[in-house]
Amino acid sequence: MLNGFKDFILRGNVVSMAIGLAVGSAFTAVVTGFSKAFITPLIGLATGSVGDFSEASFKIQGTVFPYGLAIAAVIAFVITAGVLYFLIVVPMTKIQEKFAKEEAADPKAEKRDCPRCFTEIPAIASRCAHCTSEVEPTALGLEKIPAAR
């Protein structure tokens, strides 16, 4: 039982995920600190509020609604999502597209009917596997054959 747990923990993708979560939470703390230290005070100055905008609130029947905290959290989320998207997702997508291998077309995927027995055969076939009669490969089938052959 413990060996299975050890194998699970030491599996490469679990360790990578744990490191990613730790780095992500540290990055979120940095962005939250940045937005609290710079962005929300700037919004406070722009809207005429005094001090930190994240402390802005209103009262209804004695209940306090701290809407400044919600706006600060939304700003931190948007900054975090934007940075992650533009600095990680977009470059990784471009790298994956650059190194993605084009799948070779399967020459046997194109089918046609044998003119003598009417069974389905590959378009590149020169002989029917069912009736053994000789047939001409189609031009479409010959185009799909890789150049290495």
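Biologist: How many salt bridges does a search of the whole structure find?

Modeller: The search finds one salt bridge. This is a predicted model: local features need pLDDT of at least 70, side-chain atom pairs count only at pLDDT 80 or more, and totals for chains, interfaces and linings use all residues. Residues are numbered from 1 along each chain as its sequence is written, and side-chain values use heavy atoms, with hydrogens and water left out.

Biologist: What makes the contact of Arg127 and Glu134 a salt bridge?

Modeller: A salt bridge needs a side-chain nitrogen of Lys or Arg within 4 Å of a carboxyl oxygen of Asp or Glu. Arg127 and Glu134 meet at 3.0 Å, N to O. So the pair qualifies. Side chains of opposite charge can pair when their charged atoms come close.

Biologist: Why is Glu134 called exposed, but Arg127 partly exposed?

Modeller: Buried means under 20% relative accessible area, exposed over 50%, and partly exposed in between (1.4 Å probe, protein chains only). Glu134 has 56%, so Glu134 is exposed. Arg127 has 44%, so Arg127 is partly exposed.

Biologist: Why does Ser133 count as buried?

Modeller: Ser133 has 13% relative accessibility, which is under 20%, so Ser133 is buried. Ser133 lies in the loop between strand S4 (120-122) and helix H4 (139-143). Helices (H or I, at least four residues) and strands (E, at least two) are DSSP runs, numbered from the N terminus.

Biologist: Which residues does Ser133 contact, leaving aside neighbours within four places in sequence?

Modeller: Ser133 is in contact with Cys114, Arg116, Ser126, Arg127 and Cys128. Contact means heavy atoms within 4.5 Å.

Biologist: What makes Phe34 and Phe38 a tilted pair?

Modeller: The structure holds four aromatic pairs. Rings of Phe, Tyr and Trp (its six-membered ring) pair if their centres lie within 6.5 Å; planes under 30 degrees apart count as stacked, over 60 as edge-to-face and the rest as tilted. Phe34 and Phe38 are 5.4 Å apart centre to centre, with 45° between the planes. So they pair, and the pair is tilted. Both lie in helix H2 (residues 12-47), four residues apart, about one turn of the helix.

Biologist: Why is the pair of Tyr85 and Phe86 edge-to-face instead?

Modeller: Their centres are 5.0 Å apart and their planes 80° apart. The angle is over 60, so the pair is edge-to-face. Phe86, at 58% relative accessibility, is exposed. Tyr85, at 43%, is partly exposed.

Biologist: Why is Pro66 called partly exposed?

Modeller: Pro66 has a relative accessible area of 40%, between the 20% and 50% cut-offs, so Pro66 is partly exposed. Pro66 is found in the loop between strand S2 (63-65) and helix H3 (67-99). Leaving aside neighbours within four places in sequence, Pro66 is in contact with Ala56 and Ser57. The C-alpha atoms of Pro66 and Ala56 are separated by 6.0 Å.
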